[in-house]
Amino acid sequence: MGKTFIIAEAGANHNRNFDQALSLIDVAKESGATAVKFQTYSSETLYAASTPDFAGYKNISKLIKDIELPRSWQKDLKDYCDESGIEFMSTPFDEKAVEELVDLGVKRLKISGFESTDPRFVKLVASTGLPIIMSIGIGFDLKYVESFLEIFSAYNNHLTLLHCNNAYPTPMQDANLRQMGVLSTYKGVDAVGFSDHTISTLTPSWAVALGATVIEKHFTISRKLRGPDHPFALEPLELKEMVDNIHLAELAIKNKGSGFTKSERPFSKAMRSVVSLGSIKKGEVLTVTNTTTKRPFLENSVPAFDYFKVLGKIVTEDIEDDQILNKNQIK
């Protein structure tokens, strides 16, 4: 991917309101994101019936039931994305979801940070043969990476690993962005990126500066809306700001090669040239006692870079004190 692939994560922030889901697509498109992503899960297949209360959530199955994406929407949402010119994505969480998304014709599949700890499910998603983006998040010991890479290799998936922290929100001190560099060293990893759960619009651009080519970030219409994913998500203007910051990072890290950049050329005269130190007669040799270096640098002057190269050379005409040496005056 030439430019950063930016996934605007709508998640459950549609609040089971179809018009709100369409509005999320509009916001993602207007922000400049590459794709907008929902999540395809069902309460019955995500959590066991015997699940106890945890992390402040009571009756987690009911919570999931209240926020799950109506699967009948998926085709219409994808069609709307196609018309709007933004890629439709959804993270599958069960076998049926994988099948439905493949049948819809999605270009790639995403495996969430929690599900990336489950080789059975990872193998199911990989078996589609589609490009895979997988978050490496909670509790993922790097000793497991090789075994997962064997799964993807068997199905010839193009693989992008996203470093992430599965705390919502993630404290900045736990972002651990350099972990992307570790992930990039594994053979079979085609690209690395960052699934960001901090509340900052800047963190993704820092990740890009460190090598991320894919960014994923939750967003919402408003953090005031009810639901578990709204409080840590970016609002529309913040999402646009995040995308703009990423593009600035892309510009900043672009390799321009050596020599003057276009912006530097007007300031080239502030460089130094070789200058006479006292008057020098025609035929005299340039030495450390009759030359020095000063600003400015002119088009045909001897650059200070070449100071030691011209020592010992002869001047071809008289030169007054404190004069910029011209290349034509030396042989």
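Student: How are two packed helices described?

Tutor: Two packed helices are described by the angle between their axes together with the distance separating those axes. In this predicted model, helix α1 (residues 18-31) and helix α10 (residues 236-253) have axes that come within 8 Å and cross at roughly 30°, and the crossing of α1 and α10 is right-handed.

Student: Which residues of α1 and α10 make the contact?

Tutor: From α1 the contact draws on Val 27, Ala 28, Glu 30 and Ser 31, while α10 supplies Pro 236, Leu 239, Lys 240 and Val 243. Sorted by class, the contact of α1 with α10 has 5 nonpolar, 1 polar and 2 charged residues.

Student: At what angle do α4 and α5 pack, and how far apart are their axes?

Tutor: Helix α4 and helix α5 (residues 95-104) pack at an angle of about 40°, and their axes are 11 Å apart; α4 passes α5 in a right-handed crossing. The contact is made by Gln 74, Lys 75 and Lys 78 on the side of α4, and by Glu 100, Leu 101 and Leu 104 on the side of α5. The residues of this contact of α4 with α5 divide into 2 nonpolar, 1 polar and 3 charged.

Student: Turning to charged side chains, how many salt bridges does the structure hold?

Tutor: The structure holds 17 salt bridges, and a salt bridge here is a side-chain nitrogen of Lys or Arg within 4 Å of a carboxyl oxygen of Asp or Glu. One of them joins the side chains of Glu 100 and Arg 71, with an N to O distance of 3.3 Å. This pair links distant parts of the chain, since Glu 100 sits in helix α5 and Arg 71 in the loop between α3 and α4, 29 residues apart. Both Glu 100 and Arg 71 are buried.

Student: Where do Asp 82 and Lys 78 lie, and how many residues apart are they?

Tutor: Asp 82 and Lys 78 both lie in helix α4, 4 residues apart, which is about one turn of the helix. They form a salt bridge whose closest N and O atoms are 3.0 Å apart. Asp 82 is partly exposed, with a relative accessible area of 46%, whereas Lys 78 is buried at 14%.

Student: Which helices hold Arg 120 and Glu 95?

Tutor: The side chains of Arg 120 and Glu 95 meet in a salt bridge with an N to O distance of 2.8 Å, and this pair links distant parts of the chain, with Arg 120 in helix α6 (residues 119-126) and Glu 95 in helix α5, 25 residues apart. Glu 95 has 41% relative accessibility and therefore counts as partly exposed.

Student: Which residues are linked in a network of salt bridges?

Tutor: Glu 9, Lys 37, Lys 110 and Glu 216 are linked in such a network.

Student: How many aromatic pairs does a search of the whole structure find?

Tutor: The search of the whole structure finds 6 aromatic pairs. Phe 18 and Trp 73 have ring centres 5.4 Å apart and ring planes at 75°, so the pair is edge-to-face, because planes over 60 degrees apart count as edge-to-face. Phe 18 lies in helix α1 and Trp 73 in the loop between α3 (60-67) and α4 (74-84), so the pair ties together parts that are 55 residues apart in sequence. Phe 18 is partly exposed, with a relative accessible area of 27%, while Trp 73 is buried, with 13%. Elsewhere, Phe 114, Tyr 168 and Phe 232 form one aromatic cluster.

Student: Is Ser 43 buried or exposed, and why?

Tutor: Ser 43 counts as buried because its relative accessibility is 6%, and buried means under 20%. Ser 43 is placed in helix α2 (residues 43-46) and, leaving aside residues up to four places away in sequence, touches Ser 61, Ile 64, Lys 65 and Glu 68.

Student: Where is Asn 176 placed?

Tutor: Asn 176 is in the loop between β6 (159-164) and α8 (179-183), and at 45% relative accessibility Asn 176 counts as partly exposed. The C-alpha atoms of Asn 176 and Asn 165 are separated by 8.3 Å, the two residues being 11 apart along the chain.

How values were computed:
Residues numbered from 1 in each chain as written. Predicted model: local features only at pLDDT ≥ 70, side-chain atom pairs only at ≥ 80, totals over all residues. Heavy atoms only, no water. Helix = DSSP H or I, 4+ residues; strand = E, 2+ residues; numbered from the N terminus. Buried < 20%, exposed > 50% of the residue type's maximum accessible area, 1.4 Å probe, protein only. Contact = heavy atoms within 4.5 Å. Phe/Tyr/Trp six-rings, centres within 6.5 Å; stacked < 30°, edge-to-face > 60°. Axes fitted to C-alpha atoms, helices over the stretch in contact; angles between N-to-C directions. Left-handed = near helix turned anticlockwise from the far one by under 90°. Nonpolar A, V, L, I, M, F, W, Y, C, P; charged D, E, K, R; others polar.
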